[in-house]
2 protein chains.
Amino acid sequence: MRRRNLAVVLGTVAAHSPLSRADVAGRTGLTRAAVSSLVDELIARGTLTEAATAPGGRVGRPGRALAVSDRGPASLGLEIGVAHLAACVADLRGEPRVWRRVERANAGRPPGQVLAEAAALAAEAEAEAAVQGLHVTGRVLAVPGVVPNAPRGLVEHAPNLGWHGVRPADHWPDSATVPDLENEANLGALAELWHADHTAETFVHVSAEAGIGAALVVGGQLFRGTRGFAGELGHIAVHPDGPPCPCGARGCLEQYAGEAAVLREAGLDATGDPVALLAERATAGDAPTLRALERAGRAMGLVLASAVNLIDPDGLVLGGAYAELAEWLLPAIRTELATRVTVRPWDPEAVRASLLGRRGPVLGAALLTVRRLIADPTRLPAT
Amino acid sequence: MRRRNLAVVLGTVAAHSPLSRADVAGRTGLTRAAVSSLVDELIARGTLTEAATAPGGRVGRPGRALAVSDRGPASLGLEIGVAHLAACVADLRGEPRVWRRVERANAGRPPGQVLAEAAALAAEAEAEAAVQGLHVTGRVLAVPGVVPNAPRGLVEHAPNLGWHGVRPADHWPDSATVPDLENEANLGALAELWHADHTAETFVHVSAEAGIGAALVVGGQLFRGTRGFAGELGHIAVHPDGPPCPCGARGCLEQYAGEAAVLREAGLDATGDPVALLAERATAGDAPTLRALERAGRAMGLVLASAVNLIDPDGLVLGGAYAELAEWLLPAIRTELATRVTVRPWDPEAVRASLLGRRGPVLGAALLTVRRLIADPTRLPAT
């Protein structure tokens, strides 16, 4: 019960700070004596700070301002992408304090090598966070592959990396800092849910770049499917007899809207950052690029219409690197949705681009630990 | 708290009867005195009976056998199909006691006329149930159309009936017997969940006949979507440039696997019971019929593969009238799933035919009230 009340008090301050102890009692229904004891413990655990002055100077309600700490406990998000590594350290308020991103051609490289470099990037980010008075207490790694519900800690398959049955813990240089694992699309969706300014509680979050994944958020909760494989949007069929896909099927969405397919259709070479290149050519009005993006948007729209017809979400979010191509993809996606979602009303504005874009998955990875700590502050030692 | 305990006791007897009062106390952790008081109330509300002899004759545990009543409170399921009306009365044990089914060409007829006939069929079924000592205390109507989460009581759209914005209560002859509404695929799925002998907790239930609908059951609960429109399987695209569909899109599953499309492909006329006709011709080895069913199965398999890739269920159930065509549809469905679900392991046996078939929706409609009464016996008056 005390654990639950610690979470209630910390969650209340996180959502509404600054608050005085009296404000917290008022909002939670706990007695002021109970709140004081809980607040003292939360301060001891490094999760709350209490300023010397009253919040907002309201008359008749003296009290010092409580806020979630911007020092002390923090969390690390890491990401292994097909062409990059990224790290983010967030404080307990959920604010990102350190960002790192390096380009790396990870596809086809030995997983041990890639994981060692990710661990090195993580150590750099943690060191930079330490300078700001933050110490990382939880780590989550985003991967562009399938992470089963059980056993945890396994990347069952990451086709665009060429990984099969990789267990990051087996390659991690320091057993004390092995991260938890999660699919990047799932983490991008959680970042969207927790960090972005919108109201949809049930949505499909598309995470597109080299591969195309998706995550389903249902009633404010991530829906991972029976075994953790939900959201394989990239291998939904656009055309039954379409081009063969390395997955073994034909006509999968990735064959129309994946980075390689769009570059090919646009007649471009995949050097540097393909999404930035596509955006540059589209901005310049290059006709083959515009046609390729329209074709990709149509294919995404067809598959998203299937998702809408099947699960009836509030909204659709275009995330990942492709958020930067939204200007050219969204019109075709909306056209296709309007054509194919007809049995029910569908608001064209219910599909939109993520404001987080490429930063979504690594931010979600960092926020996952923050959320866990807020939900159970006893995970942190009392000092 | 007493309401909850009444439900616990009734639910325990429903799941494990016959039990003695002592057995119930043992299973629930309630005191024997509490159980006795609760059992007395449940008997007074007509939900339990107590026989004179001990269950199983176990030594040292005297007590009279409690069982859920097979008389008294009962529930009515009704169904309006495109070509039939059906009614079912189930007792509190969930056993169907009255079945009625009549062929009726309901497509395009005035909704008021169809609803009046459904109400007459319901009255007949209730009268027949009364002869068996059953009195109906709740009514649910299954419709082949979209029933929004809000406002309830509205059939927003039933394309194969030609209904738009129909409110059955406006046409029902007796305001005391107006049924609750639910989509037929949803009710078929609930019947499958509650009545069939299988273990899947998360599955897609396809309900096919004139139209093709589906329902999603997630973790043992019906998933209706944000607005109640989840499961529109019939309008998921099989081919982006396929035949036009009355819904306004092209290449929808119904254009490949709906009754009319299969009959056309098989070169058959739609007289009598089209599904029975298809089964008869397929049994006789008629090549065009076999080809048409294989084509329909392939299309269903493609769309179901999309569903598996998107939501990662335990299983898929082929229900409704098409369960009778499973022998010819399932091989093609399984082939397509094996080709298109490749990023994760998929067991071909995870797709199977419903044992309830055409009876699923009306049985589910009856069981819905039974479940509600078991979950809250205070809905019934104490006599």
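Predicted model: local features only at pLDDT ≥ 70, side-chain atom pairs only at ≥ 80, totals over all residues.
The largest nonpolar core comprises 104 residues. The residues with the most contacts inside this core are Leu233, Met300 and Leu337 of chain A, together with Leu233, Met300 and Leu337 of chain B. In soluble globular proteins, nonpolar side chains tend to be buried together. The surroundings of Met300(B) were examined with neighbours within four places in sequence left aside. On that basis, Met300(B) is in contact with Val206(B), Ala208(B), Leu253(B), Ala257(B), Leu318(B), Tyr322(B), Leu329(B) and Ile333(B).

Helix packing was examined in chain B. Helix H9 of chain B, formed by residues 287-311, packs against helix H10 of chain B, formed by residues 326-340. The angle between H9(B) and H10(B) is about 40 degrees, and their axes are 7 Å apart. H9(B) is therefore oblique to H10(B). The crossing of this pair, H9(B) and H10(B), is right-handed. By class, the residues in the contact of H9(B) with H10(B) are 13 nonpolar, 4 polar and 4 charged.

H9(B) also packs against helix H7 of chain B, which spans residues 259-266. Here the angle is about 145 degrees and the axes lie 8 Å apart. The crossing of H7(B) and H9(B) is likewise described as right-handed. On the H7(B) side, the contact involves Val262(B), Glu265(B) and Ala266(B). These residues meet Pro288(B), Thr289(B), Ala292(B), Leu293(B), Arg295(B) and Ala296(B) in H9(B). The contact of H7(B) with H9(B) contains 6 nonpolar residues, 1 polar residue and 2 charged residues.

A further helix pair in chain B consists of H1, residues 2-16, and H11, residues 360-375. The axes of H1(B) and H11(B) come within 8 Å and cross at roughly 130 degrees. This angle makes H1(B) oblique to H11(B). H1(B) contributes Ala7(B), Leu10(B), Gly11(B) and Ala14(B) to the contact, and H11(B) contributes Leu373(B), Ile374(B) and Ala375(B). The contact of H1(B) with H11(B) has 6 nonpolar residues, 1 polar residue and no charged residues.

Two cis peptide bonds in chain B are described next. One joins Ser17(B) and Pro18(B), with omega at about 0 degrees. Pro18(B) is located in the loop between H1 and helix H2 (21-28) of chain B. The other runs from Ala150(B) to Pro151(B), with omega near -10 degrees. Pro151(B) is placed in the loop between strand S6 (134-143) and strand S7 (155-158) of chain B.

Positive phi values were also found at non-glycine positions. Asp312(A), which is not a glycine, has a positive phi of about 55 degrees. Asp312(A) occupies the loop between helix H9 (287-311) and strand S13 (315-320) of chain A. Its relative accessible area is 0%, so Asp312(A) is buried. In chain B, phi of Asp312(B) is near 55 degrees, again a positive value in a residue other than glycine. Asp312(B) is found in the loop between H9 and strand S13 (315-320) of chain B. With a relative accessible area of 0%, Asp312(B) is buried.

Leu48(A) lies in strand S1 of chain A, which covers residues 48-50. Leu48(A) is classed as buried because its relative accessible area is 3%. The C-alpha atoms of Leu48(A) and Ala67(A) are separated by 5.7 Å, although these residues are 19 residues apart along the chain. Leaving aside neighbours within four places in sequence, the contacts of Leu48(A) are Leu10(A), Val13(A), Val39(A), Leu42(A), Ile43(A), Ala67(A), Val68(A) and Ser69(A).

Asn186(B) is part of helix H5 of chain B, residues 184-195. Asn186(B) has a relative accessible area of 3% and is therefore buried. Beyond its neighbours within four places in sequence, Asn186(B) is in contact with Ala214(B), Ala215(B), Leu222(B) and Arg224(B).

Arg291(A) is found in helix H9 of chain A. Arg291(A) is exposed, with a relative accessible area of 56%.

Key
Residues numbered from 1 in each chain as written. Chains lettered and ligands numbered in written order. Heavy atoms only, no water. Core = buried A, V, L, I, M, F, W, Y, C linked by side-chain atoms within 4.5 Å. Buried < 20%, exposed > 50% of the residue type's maximum accessible area, 1.4 Å probe, protein only. Contact = heavy atoms within 4.5 Å. Axes fitted to C-alpha atoms, helices over the stretch in contact; angles between N-to-C directions. Helix = DSSP H or I, 4+ residues; strand = E, 2+ residues; numbered from the N terminus. Parallel < 35°, antiparallel > 145°, perpendicular 65-115°, else oblique. Left-handed = near helix turned anticlockwise from the far one by under 90°. Nonpolar A, V, L, I, M, F, W, Y, C, P; charged D, E, K, R; others polar.
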